[in-house]
Amino acid sequence: MVVTADHMVDGLGVGLYENVGQRVLELMRNGLAASMPPGVWTPNGVKIELMLIPHHPLSPKNGPALIVLDHGSGLTDPMVERYFYWLGTPIRELREREKGIQNGVSQKGIGRLAALALNENCLHEDRLVRIRNGYYLFSRTAASGEIRFVPVIPEKAEMNGGFETERFISPTSTEMGPLKDIKGSFTAIVVPSPVFKTADEIYEAIKWLLPREQDKMFDLTINGKPVGPPPLEKTLTLTSKDGRYRARLGAGNDKSEGIWLCDEENGFRVASCNKLGKSILPDPLWFPELSGDIFAPKLLAHQNTARSSLNKEYTRQSNKEWSKLKMWLITEVAPAARKLIERDSISGDAAQALDEVVEMFKGRFGEPDDMEEQPLPRKGSGGERRRPDPDAPKAEPAPYTKPQYRRYVSIKVGEETYILYRGQSLEAHTFARVSDNNPNQVIVNVRGAYCALPKGKEARREHVLMQILFAIGSHKFERSPYRATIFANQMRAEFLKK
Ligand SMILES: Nc1ncnc2c1ncn2[C@@H]1O[C@H](COP(=O)(O)OP(=O)(O)OP(=O)(O)O)[C@@H](O)[C@H]1O
Ligand SMILES: [Mg+2]
């Protein structure tokens, strides 16, 4: 059986992965595994370098290239055989895995071909162009000396009955490009005409896929600059008694990619909770407004080939490992996560009372004249909450549900216009506070954090009204609480006038 060039590019490279980040990760994972002793995952101190080079001798017209460089073992002879002659996992390795001798990241035996999908020309509309393009592998197992150089071009492989693996070049030869005179053992994957145009694009593609736990993170640089996963807002950390189930969650937005289930050993993201959805996970773990990582043992082994979800067999009721994880999610994680978003949502009694009070201000003092200048709500980052049906096709995001809150609303108090800003929570006993940066901005605590709201609609309205007036008063008359109170009550009295 011959693997055709066409299948190599379309079936095993481009077709498998949902996004470019996952493709880069395949190469990084290989580099990591080659940089550690087998069997134990020890990423600390391991260095992976990503580079986007504007001119590379192997690129068409001396154009840009992407380089994924590791300083691991290099391709030893058995690895050369594995890399260029085997697709999938050989039986020998399956047996070793049974005994536990394996780095947990080698799963399917096809990840290397993800490099094809990083070459823009392998995505060309013309099939014959796609197979004519590929990538280059450079590798050395010794500390110095000649370097194995293999063009991984699917068309050539099909025509010549395999790859030409036994070509060695000098460390100073032109093909080396920026890796000239590199020291030590290493493997570099060089992708000409890369899908990325800037270093930022690389980071954007991979940032949510990087291990979040510090002891799982390796040294990663993009064009020499160290990078790590983005920080979480308002973090919540939970750990099971045995320490093997852990959750680090935060409030997110529609760009933070939701919560992921991650492998406990290596920290890699395995399955998107968004994607697993409500039929598999308890609310609110699949909600897009949450973000973060849930770590559980041995998940990577059950990841689907597209690297975004879990195999169906794994999430069956009858699977003991899954049941254990699910029980922890239901009893520990979901309740805590629910609190996290309750705290973060502009909804509930405080928000409603505020809406009513805003109407009261308008009725009494008129519409503020700067209404048109109010900033529009930012997508998914504030009050306008989106809860798409996870089963709906991805291309069509669910429409926003009502109410369409703005993060700001303007009111007039007497002659002056104030902006009430509801996008930020305050300390639990403060309902309203004038912003330190802007005397005409009042931050109101309507995201669920306020804990002194009275029962009963009317009482709440009165409470909210006075809290806002006191906040403005005490800012205006900072040195005199007496005058601040008089100001607030004078304004309150305005509402009684016919
Ligand atoms: N950077 C590298 N350094 C050394 N050996 C490598 C490197 N990249 C790949 N290999 C070797 O090539 C083999 C095949 O890699 P490939 O990514 O295709 O499969 P895998 O890592 O075994 O499984 P998966 O498909 O889950 O990634 C690896 O198992 C490893 O032995
Ligand atoms: Mg791999």
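**A look at the sheet and its helix**

Guide: R140 stands opposite F186 in β6. This is a predicted model, where local features need pLDDT of at least 70, side-chain atom pairs count only at pLDDT 80 or more, and totals for chains, interfaces and linings use all residues. Residues are numbered from 1 along each chain as its sequence is written, while chains are lettered from A and ligands numbered from 1 in the order in which they are written.

Visitor: Which strands stand at the edges of the sheet?
Guide: The open sheet has eight strands in the order β5-β4-β3-β6-β2-β1-β7-β8, with mixed pairing. Strands are DSSP E runs of at least two residues and helices H or I runs of at least four, numbered from the N terminus; two strands pair if DSSP finds at least two bridges between them. Each edge strand has a single partner, so one side is left without a neighbour in the sheet: these are β5 (168–169) and β8 (225–226).

Visitor: How are α2 and α7 oriented to each other?
Guide: Their axes, lines fitted to C-alpha atoms over the stretch in contact, with angles running from 0 to 180 degrees between N-to-C directions, are 7 Å apart at about 90°. Angles of 65 to 115 degrees count as roughly perpendicular, under 35 as roughly parallel, over 145 as roughly antiparallel and the rest as oblique. The helices α2 and α7 are therefore roughly perpendicular.

Visitor: Which helix gives the largest share of the shell around ligand 1?
Guide: The ligand is surrounded by 19 residues, N30 and A34 being among the closest; a residue is near if its C-beta atom, placed from the backbone, lies within 6 Å. Four residues, the largest share, come from α2.
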